[in-house]
Amino acid sequence: MPSSHLLVFDCGAAHLSGGVFAVKKDGGLRMDSHATEALFANSAEEKPWGVAVGEAITRIVSRLDSEERECVITVPGHLALTKFVKTPAVERSKRDRIVQFEASQNIPYPLNEVAWDYAEVADDGVEVELMLSAVKRDAMDELCAVFEQAGLLVTGIEPGGLASIRAWRAAPGRNHDSSLVVDVGAKSTQLLFVACDNFYLRTLPFGGNLATQLLAKKLSCELSEAETLKRELSAGNRSSDSGRQALIDEAVMEFTARLQAELTRSIFSYSRHTEAETPEEIILLGGGSRLPDLQRRIAESTALPSRSLNVSVDLDLRSTSGDVPLDDSLLALAGLAQIHFTSEGVAMNLLPEERQAEQSAHRARPWWLAAAALLILALLPPILYLQLTASRHAERSRVLQAELGPLIKWDTRNRQNLEKIESLRERVATLSEVEQRSERWTSFLADMQGRLESVGDVWLESMVILPVSPLSSDTEEGAPLRLGMSGKLLDIENPTAKASSASRERVNQLLRSFGESKYVQDISAGGFDKTQPGILKFELTIVINREETL
Amino acid sequence: MKALYSDRGFKIALIVAGVVVLLEGAGLFLSIGSTQKEERRERNLSRDFTSMSQVTPAPIEAVARKVEAEVAAYEGKVLRLETMLSGGALAKQMSEEAVPEERTDAYFNLVSYTERLRTLARLHAVQIEPEEYFGFSEYAKEGPPKKQIGKVFRERQILERVLSMLLMSNPARLALVERTAGDDTNEWEEQARLSLAVDGVVKTDFVRVEFSGETASLRSWLNRLGQSGLPVSVRTIEVAPEKINLSRQRSRSNSSSLVLTGELPKVVPLVARMPSVFTVGLEILEIIPTTAEGTP
């Protein structure tokens, strides 16, 4: 989530400006604090630029009184290589490869030795105009390290010219659609052609220091003296010595003429640019732009109205502290803040990729950790739910088990007892059968005797158990018991007659009587012997009832 | 991504988080398994509970007591039948007699048995063979093997009572007493067919007694046997007219040939009364006791 405040720095060749910006309720930028430090007391000072920047950062940060620890910075024009190229308008997915190719063609260093980026200047559907910008990676690493030593993390680096273009495009004080902003720095001069639909940037390899050198040469004095003199001139002071003043005027004229020539050439060149709009005014800013008559002479040579940048009017920025004067570097600072808060306008980032990746990773780490924590936490509810469910099932199982225990016990006992009853029932049946059969012969004989007595004068002489007939279908064990009997019947009434009809009737009566016995299943007469008078011998076979077997 | 993991602390935190997630994953997996297991267990128990509520007889104490009472009733029936078929009081009385421990004691026990029966035969004028051993002829000269002493002793106890009853029923002659000997099953085939032996319930030994006399002797003997309560069952009875030699007929003038009679002729018999030969197959019953679980 972006911070509500932004700390920005404009790194010039001879100055360092810092500011803290926020967004007003109406959406406009609000500058909370601002400070500018000159990097060198004089142009002859020999200490490295990086060291000077480091010293200035500390002072500025203390003056800004900001707690922000991340910042966005600009790089001066003399460190950044800027090229404008046109490429065919292709799909976005393929554009990066084309840009990569163009960069390799236009940046005169191996790409792995520079930090580079591009911005789309214009796109007419046929061609895309790109602004390529590159800086030496070593220089950026050194610059970032300087900020890190001051406790600040650089999250974005942009060419100062691009930030200024963006700020001027959005500046409330801009009166014309097309302007030329001339930023005369110490070592370089940046020409910013700002139109509605496109822009162009050109860096001139000379700046205010050239004026200093020309003054030193003309006056045959030290650079430091010349620098002091230049600043006095910029403040409107003139030398009392007319001869010396003439030499100064010559030097200024020479610088102005060179700048005029570059401006004229650049305007002409820009005017030839496809769809380019000729600037309608020239805005001058930077320390070198305050030389006497520079503004008038440029206006005359270009035939364009020229004026200096009025920060408070043009940018609608006011210092909240009040006592700090507003300088021209605020244009670049405002441009940096604008893209941060509104994301409007073209932008690029020259922060080395490794650092961008590191910062992305740094920013992503909390999210990764949050995601991991979320994942950990997300798994806890289902685990707890499952544990709870399992414990509920276990509790219900325990209750069921407790209820089932006695039931199972009684059921087991019942089953065992029922099996026992079945076994005992079979045993009772078997033993009862044994008991009944063991007495059955006696009962059978008594029954037979009773039937003989009921007929009278009849007796049995023999009784044998007949073997199972081999012709029978019954098995030996299942075959009914067959008894073969023979006996005699005495015919008292006809003792001399042989087998009277009465005798036969009595035999038949005996057979019927036997047949009625519950022990007899079947009976058959075998034969009669009537040779002896008064005696009828008979033979019979009795089949014993299976149900009453002996 | 390389930059993302360049921070050692972050890397460790991610590894720890990964391990925790893995552990949680394992916990989740185990929890799922545990939940499913408990759910299955509850379902099974619930099903068992439902099934149990439909079981007949109902698995409750009151019903179980009724079933146990029924078991006790059947056990009583079995005990009564077993006691009766085993000989009842007589069996108890026989079991109180001391069983010979040695072959010699068993031999003399059989000798005294033979003497007692011979004496009884003489007393009741029953004709017997001079060398009659009343079923134990194989032990005429030596006692039974030690392993069989108990069995032979029990058979002797029972046979002594059976034959005493027969001799007291006044048969004319005791012709034969045979016991099951060895595996000669052919000889006992008919009796085996009618055997009361039931696997696991009743074990039997066969005895065959052949005697001659009148039907009254048979009836008297059978009645005595029936009332004695001895563990003996009549399995076969065969009757045949005796082939009488004249001398024996003279000596036993009152012998009769009628086996099962109606009314006898009172005046001049058209037929002479002829003695019959009775062959009676007996089975000595031995009840196989049930085990503690109620099964044989």
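A residue counts as buried when its relative accessible area is under 20%, as exposed when it is over 50%, and as partly exposed in between. Please keep in mind that this is a predicted model.

1. **An aromatic cluster in chain A.** Let me start with F193(A), which has a relative accessible area of 0% and is therefore buried. This residue belongs to one aromatic cluster together with F84(A), F199(A), Y200(A) and Y270(A). Over all chains, the structure holds 14 aromatic pairs. One of them is formed by F193(A) and Y200(A), a tilted pair with 5.9 Å from centre to centre and 45 degrees between the planes. With Y270(A), F193(A) forms a stacked pair, at 4.2 Å between centres and 20 degrees between planes. F193(A) sits in strand β10 (residues 189-194) of chain A and Y270(A) in helix α7 (residues 242-271) of chain A, so this pair ties together parts that lie 77 residues apart in sequence. Y270(A) is buried too, because its relative accessible area is 2%.

2. **Charges over rings.** Two places in chain A deserve a look here. R258(A) lies over the face of F206(A), 4.7 Å from the ring centre. In the other case, K409(A) is placed over the face of W410(A), and the distance to the ring centre is 4.4 Å.

3. **The nonpolar cores.** The largest nonpolar core has 66 residues, and those that touch the most other members are F9(A), L16(A), V53(A), I73(A), F147(A) and I157(A). Helix α1 (residues 49-64) of chain A supplies the largest share of this core, with eight residues. Which residues does I73(A) touch, leaving out those up to four places away in sequence? They are F9(A), C11(A), L143(A), F147(A), V154(A), G156(A), I157(A), E158(A) and L336(A). Apart from this core lies another one of 64 residues, and its members include V458(A) and L536(A) as well as Y113(B) and A121(B).

4. Helix α4 (residues 160-169) and helix α10 (residues 330-342), both of chain A, pack with their axes 7 Å apart and at an angle of about 75 degrees. The range for roughly perpendicular is 65 to 115 degrees, and α4(A) and α10(A) are therefore roughly perpendicular to each other. On the α4(A) side, the contact is made by G160(A), A163(A), S164(A), R166(A), A167(A) and W168(A). On the α10(A) side, the residues are L331(A), A332(A), A334(A), G335(A), L336(A), Q338(A) and I339(A).

5. **L222(B) and its contacts.** L222(B) is placed in helix α7 (residues 215-228) of chain B. Its relative accessibility is 5%, so L222(B) counts as buried. Setting aside neighbours within four places in sequence, L222(B) is in contact with T442(A) and L445(A), and also with V234(B) and I237(B). The C-alpha atoms of L222(B) and V162(B) are 9.8 Å apart in space, while 60 residues separate the two in sequence.

6. **Chain A as a whole.** Chain A contains 12 helices and 17 strands. Of its 550 residues, 49% are buried. Among the contacts in chain A with a separation of 6 or more, 66% come from residues 24 or more positions apart. A145(A) and G54(A) are 91 residues apart along the chain, with 9.1 Å between their C-alpha atoms. A145(A) lies in helix α3 (residues 137-149) of chain A, and its relative accessible area of 27% makes A145(A) partly exposed.

7. **Backbone details to check.** Most residues other than glycine have a negative phi, and most peptide bonds are trans. Where is D293(A) placed? D293(A) is in the loop between β12 (281-285) and α8 (294-302) of chain A. Its phi is positive, near 65 degrees, and with 39% relative accessibility D293(A) counts as partly exposed. A303(A) is not a glycine either, yet has a positive phi of about 60 degrees. A303(A) is in the loop between α8 and β13 (306-308) of chain A and is exposed, at 65% relative accessible area. In chain B, T56(B) and P57(B) are joined by a cis peptide bond with omega of about -5 degrees. P57(B) belongs to the loop between α1 (8-53) and α2 (61-86) of chain B.

Key
Residues numbered from 1 in each chain as written. Chains lettered and ligands numbered in written order. Predicted model: local features only at pLDDT ≥ 70, side-chain atom pairs only at ≥ 80, totals over all residues. Heavy atoms only, no water. Core = buried A, V, L, I, M, F, W, Y, C linked by side-chain atoms within 4.5 Å. Buried < 20%, exposed > 50% of the residue type's maximum accessible area, 1.4 Å probe, protein only. Helix = DSSP H or I, 4+ residues; strand = E, 2+ residues; numbered from the N terminus. Contact = heavy atoms within 4.5 Å. Phe/Tyr/Trp six-rings, centres within 6.5 Å; stacked < 30°, edge-to-face > 60°. Lys NZ or Arg CZ within 6 Å of the ring centre and 35° of its normal. Axes fitted to C-alpha atoms, helices over the stretch in contact; angles between N-to-C directions. Parallel < 35°, antiparallel > 145°, perpendicular 65-115°, else oblique.
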